[in-house]
Amino acid sequence: MNREQFLNTLKHELRVMDAQECKEILADYEEYFRDALAAGRTEEDVARSLGAPRQLARELRAEARIKDWEESRSPGSFARMFVAVVGLGLVNLMLLIPLLLVAGLLLGFFAGGLSMVVAGVGLVAASVPGSGLTQFITVDLGGIELTQPLSMGLSGIGVFCVGLVWVAIDVWLTKWLAIGVARYARLNYRVVRGEF
(Lines give C-alpha, C1' and ligand atoms only; values in the text may rest on other atoms or scores of the structure.)
Protein backbone atom coordinates (compact mmCIF):
# COMPACT_ATOMS: atom_id res chain seq x y z
CA MET A 1 0.00 0.00 0.00
CA ASN A 2 1.42 3.38 -0.97
CA ARG A 3 0.88 6.76 0.68
CA GLU A 4 -2.12 7.74 -1.42
CA GLN A 5 -3.92 4.45 -0.86
CA PHE A 6 -3.20 4.60 2.87
CA LEU A 7 -4.41 8.19 3.27
CA ASN A 8 -7.50 7.64 1.10
CA THR A 9 -8.49 4.58 3.13
CA LEU A 10 -7.86 6.43 6.38
CA LYS A 11 -9.92 9.40 5.17
CA HIS A 12 -12.77 7.12 4.16
CA GLU A 13 -12.76 5.38 7.56
CA LEU A 14 -12.69 8.70 9.42
CA ARG A 15 -15.63 10.17 7.47
CA VAL A 16 -17.94 9.88 10.51
CA MET A 17 -15.75 12.20 12.54
CA ASP A 18 -15.88 15.99 12.63
CA ALA A 19 -14.49 17.37 9.32
CA GLN A 20 -11.92 19.62 11.00
CA GLU A 21 -10.77 16.82 13.30
CA CYS A 22 -10.43 14.48 10.31
CA LYS A 23 -8.48 17.09 8.37
CA GLU A 24 -6.02 17.57 11.24
CA ILE A 25 -5.46 13.82 11.59
CA LEU A 26 -4.82 13.43 7.87
CA ALA A 27 -2.41 16.39 7.93
CA ASP A 28 -0.47 14.69 10.75
CA TYR A 29 -0.16 11.47 8.77
CA GLU A 30 0.79 13.30 5.57
CA GLU A 31 3.54 15.03 7.52
CA TYR A 32 4.62 11.69 8.96
CA PHE A 33 4.92 10.27 5.44
CA ARG A 34 6.88 13.34 4.26
CA ASP A 35 9.35 13.08 7.13
CA ALA A 36 9.80 9.35 6.68
CA LEU A 37 10.33 9.72 2.91
CA ALA A 38 12.85 12.50 3.51
CA ALA A 39 14.67 10.08 5.82
CA GLY A 40 14.95 7.58 2.97
CA ARG A 41 12.09 5.18 3.72
CA THR A 42 9.66 3.99 1.07
CA GLU A 43 5.93 4.74 1.08
CA GLU A 44 5.12 1.05 1.42
CA ASP A 45 7.46 0.69 4.39
CA VAL A 46 5.88 3.68 6.17
CA ALA A 47 2.34 2.44 5.47
CA ARG A 48 3.25 -1.02 6.74
CA SER A 49 4.74 0.43 9.95
CA LEU A 50 1.52 2.40 10.62
CA GLY A 51 -0.59 -0.73 10.38
CA ALA A 52 -3.95 -1.23 8.71
CA PRO A 53 -5.67 2.14 8.14
CA ARG A 54 -9.08 0.70 9.10
CA GLN A 55 -7.79 -0.42 12.51
CA LEU A 56 -5.94 2.87 12.92
CA ALA A 57 -9.17 4.77 12.15
CA ARG A 58 -11.07 2.74 14.78
CA GLU A 59 -8.39 3.56 17.34
CA LEU A 60 -8.44 7.24 16.41
CA ARG A 61 -12.25 7.39 16.64
CA ALA A 62 -12.20 5.67 20.03
CA GLU A 63 -9.52 8.05 21.28
CA ALA A 64 -11.53 11.04 20.05
CA ARG A 65 -14.70 9.78 21.77
CA ILE A 66 -12.80 9.22 25.02
CA LYS A 67 -11.51 12.80 24.86
CA ASP A 68 -15.04 14.07 24.11
CA TRP A 69 -16.39 12.24 27.13
CA GLU A 70 -13.60 13.52 29.38
CA GLU A 71 -14.36 17.10 28.30
CA SER A 72 -18.14 16.80 28.48
CA ARG A 73 -19.37 14.03 30.75
CA SER A 74 -22.88 13.58 29.51
CA PRO A 75 -24.97 10.47 28.80
CA GLY A 76 -24.66 11.16 25.06
CA SER A 77 -20.87 11.42 25.10
CA PHE A 78 -20.72 8.28 27.27
CA ALA A 79 -22.86 6.37 24.75
CA ARG A 80 -20.65 7.53 21.85
CA MET A 81 -17.51 6.56 23.78
CA PHE A 82 -19.00 3.17 24.67
CA VAL A 83 -19.88 2.41 21.05
CA ALA A 84 -16.44 3.54 19.85
CA VAL A 85 -14.67 1.38 22.42
CA VAL A 86 -16.76 -1.65 21.52
CA GLY A 87 -16.13 -0.90 17.84
CA LEU A 88 -12.43 -0.73 18.50
CA GLY A 89 -12.52 -4.42 19.15
CA LEU A 90 -9.98 -4.13 21.91
CA VAL A 91 -12.32 -4.88 24.73
CA ASN A 92 -11.97 -8.58 25.05
CA LEU A 93 -14.96 -10.82 25.43
CA MET A 94 -14.13 -11.68 29.04
CA LEU A 95 -14.54 -8.03 30.00
CA LEU A 96 -17.22 -7.09 27.51
CA ILE A 97 -19.85 -9.56 28.74
CA PRO A 98 -19.67 -8.52 32.42
CA LEU A 99 -19.50 -4.89 31.32
CA LEU A 100 -22.70 -5.25 29.32
CA LEU A 101 -24.39 -7.02 32.24
CA VAL A 102 -23.40 -4.26 34.66
CA ALA A 103 -24.53 -1.59 32.18
CA GLY A 104 -27.87 -3.39 31.80
CA LEU A 105 -28.30 -3.61 35.57
CA LEU A 106 -27.52 0.07 35.99
CA LEU A 107 -30.03 0.94 33.27
CA GLY A 108 -32.64 -1.24 34.99
CA PHE A 109 -31.96 0.38 38.36
CA PHE A 110 -32.22 3.80 36.76
CA ALA A 111 -35.60 2.91 35.25
CA GLY A 112 -36.73 1.54 38.63
CA GLY A 113 -35.65 4.68 40.48
CA LEU A 114 -37.26 6.93 37.89
CA SER A 115 -40.50 4.93 38.17
CA MET A 116 -40.49 5.46 41.92
CA VAL A 117 -40.01 9.21 41.45
CA VAL A 118 -42.95 9.34 39.03
CA ALA A 119 -45.08 7.14 41.34
CA GLY A 120 -44.28 9.41 44.28
CA VAL A 121 -45.36 12.48 42.32
CA GLY A 122 -48.54 10.64 41.31
CA LEU A 123 -49.35 9.73 44.91
CA VAL A 124 -48.80 13.29 46.10
CA ALA A 125 -50.98 14.61 43.25
CA ALA A 126 -53.66 12.08 44.08
CA SER A 127 -53.66 13.11 47.74
CA VAL A 128 -54.60 16.69 46.91
CA PRO A 129 -58.23 17.17 48.02
CA GLY A 130 -60.51 17.63 45.08
CA SER A 131 -58.12 16.00 42.63
CA GLY A 132 -60.58 13.18 42.14
CA LEU A 133 -57.76 10.66 41.88
CA THR A 134 -58.09 9.20 45.37
CA GLN A 135 -60.86 6.90 44.27
CA PHE A 136 -58.62 5.40 41.56
CA ILE A 137 -55.49 4.86 43.65
CA THR A 138 -55.20 2.56 46.62
CA VAL A 139 -51.89 1.96 48.31
CA ASP A 140 -51.62 -1.38 50.06
CA LEU A 141 -48.87 -1.57 52.67
CA GLY A 142 -48.88 -5.08 54.08
CA GLY A 143 -52.64 -5.31 54.26
CA ILE A 144 -53.17 -1.72 55.37
CA GLU A 145 -54.85 0.30 52.67
CA LEU A 146 -53.93 3.96 52.53
CA THR A 147 -56.84 5.86 51.16
CA GLN A 148 -56.67 8.97 53.34
CA PRO A 149 -55.15 11.98 51.57
CA LEU A 150 -52.58 12.64 54.31
CA SER A 151 -51.29 9.08 54.44
CA MET A 152 -51.27 8.91 50.66
CA GLY A 153 -49.39 12.22 50.41
CA LEU A 154 -46.81 11.15 52.98
CA SER A 155 -46.39 7.83 51.22
CA GLY A 156 -45.90 9.68 47.94
CA ILE A 157 -43.21 11.89 49.46
CA GLY A 158 -41.47 8.81 50.85
CA VAL A 159 -41.59 6.93 47.53
CA PHE A 160 -40.40 10.06 45.71
CA CYS A 161 -37.42 10.50 48.08
CA VAL A 162 -36.40 6.83 47.90
CA GLY A 163 -36.63 6.98 44.10
CA LEU A 164 -34.55 10.15 44.00
CA VAL A 165 -31.83 8.59 46.18
CA TRP A 166 -31.97 5.46 44.05
CA VAL A 167 -31.47 7.48 40.85
CA ALA A 168 -28.65 9.52 42.42
CA ILE A 169 -26.79 6.36 43.50
CA ASP A 170 -27.29 4.87 40.04
CA VAL A 171 -25.92 8.00 38.35
CA TRP A 172 -22.91 7.96 40.69
CA LEU A 173 -22.23 4.27 39.93
CA THR A 174 -22.64 4.89 36.18
CA LYS A 175 -20.13 7.72 36.38
CA TRP A 176 -17.53 5.41 37.95
CA LEU A 177 -18.32 2.70 35.40
CA ALA A 178 -17.71 5.22 32.62
CA ILE A 179 -14.42 6.31 34.17
CA GLY A 180 -13.34 2.65 34.38
CA VAL A 181 -14.30 2.01 30.74
CA ALA A 182 -12.40 5.10 29.60
CA ARG A 183 -9.28 4.12 31.52
CA TYR A 184 -9.41 0.54 30.25
CA ALA A 185 -9.90 1.69 26.66
CA ARG A 186 -7.05 4.17 26.94
CA LEU A 187 -4.78 1.45 28.36
CA ASN A 188 -5.69 -0.88 25.49
CA TYR A 189 -5.12 1.89 22.98
CA ARG A 190 -1.67 2.59 24.39
CA VAL A 191 -0.77 -1.09 24.39
CA VAL A 192 -1.80 -1.42 20.75
CA ARG A 193 0.16 1.72 19.87
CA GLY A 194 3.22 0.13 21.45
CA GLU A 195 3.60 2.71 24.20
CA PHE A 196 4.25 -0.01 26.78
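**Ground rules.** I am working from a predicted model, in which local features need pLDDT of at least 70, side-chain atom pairs count only at pLDDT 80 or more, and totals for chains, interfaces and linings use all residues. I number residues from 1 along each chain as its sequence is written, and side-chain values use heavy atoms, with hydrogens and water left out.

**Helix 1 and helix 2.** I took helices as DSSP runs (H or I, at least four residues), numbered from the N terminus. I found that the axes of helix 1 (residues 3-13) and helix 2 come within 10 Å and cross at roughly 165°, with axes being lines fitted to C-alpha atoms over the stretch in contact and angles running from 0 to 180 degrees between N-to-C directions. Helix 1 is therefore roughly antiparallel to helix 2, a label for angles over 145 degrees. For the contact (heavy atoms within 4.5 Å), I noted Arg 3, Phe 6, Leu 7, Leu 10 and Lys 11 on helix 1, and on helix 2 several residues, including Cys 22, Leu 26 and Tyr 29. I sorted the contact residues into eight nonpolar, no polar and four charged, where Ala, Val, Leu, Ile, Met, Phe, Trp, Tyr, Cys and Pro count as nonpolar, Asp, Glu, Lys and Arg as charged, and the others, Gly among them, as polar.

**Helix 1 and helix 4.** Here the axes come within 9 Å and cross at roughly 40°, so helix 1 is oblique to helix 4. I listed Phe 6, Thr 9, Leu 10 and Glu 13 of helix 1 as meeting Pro 53, Arg 54, Leu 56, Ala 57, Leu 60 and Arg 61 of helix 4.

**Largest pocket.** I read a volume of about 520 Å³, the space filled by probe spheres set on grid points joined across faces, edges and corners. A pocket is an open set of points on a 1 Å grid where a 1.4 Å probe fits, with protein on both sides within 12 Å along at least five of seven lines, and lining residues have an atom within 4 Å of a point. Of its 17 lining residues, Ser 74, Pro 75, Phe 78, Thr 174 and Lys 175 are closest to the centre. Helix 7 gives the largest share, six residues.

**Second largest pocket.** I noted about 240 Å³ and 13 lining residues, with Glu 21, Ile 25, Glu 63, Ala 64 and Lys 67 nearest the centre. Helix 4 gives the most to this lining, six residues, and by class I recorded six nonpolar, no polar and seven charged.

Notes
Helix = DSSP H or I, 4+ residues; strand = E, 2+ residues; numbered from the N terminus. Parallel < 35°, antiparallel > 145°, perpendicular 65-115°, else oblique.
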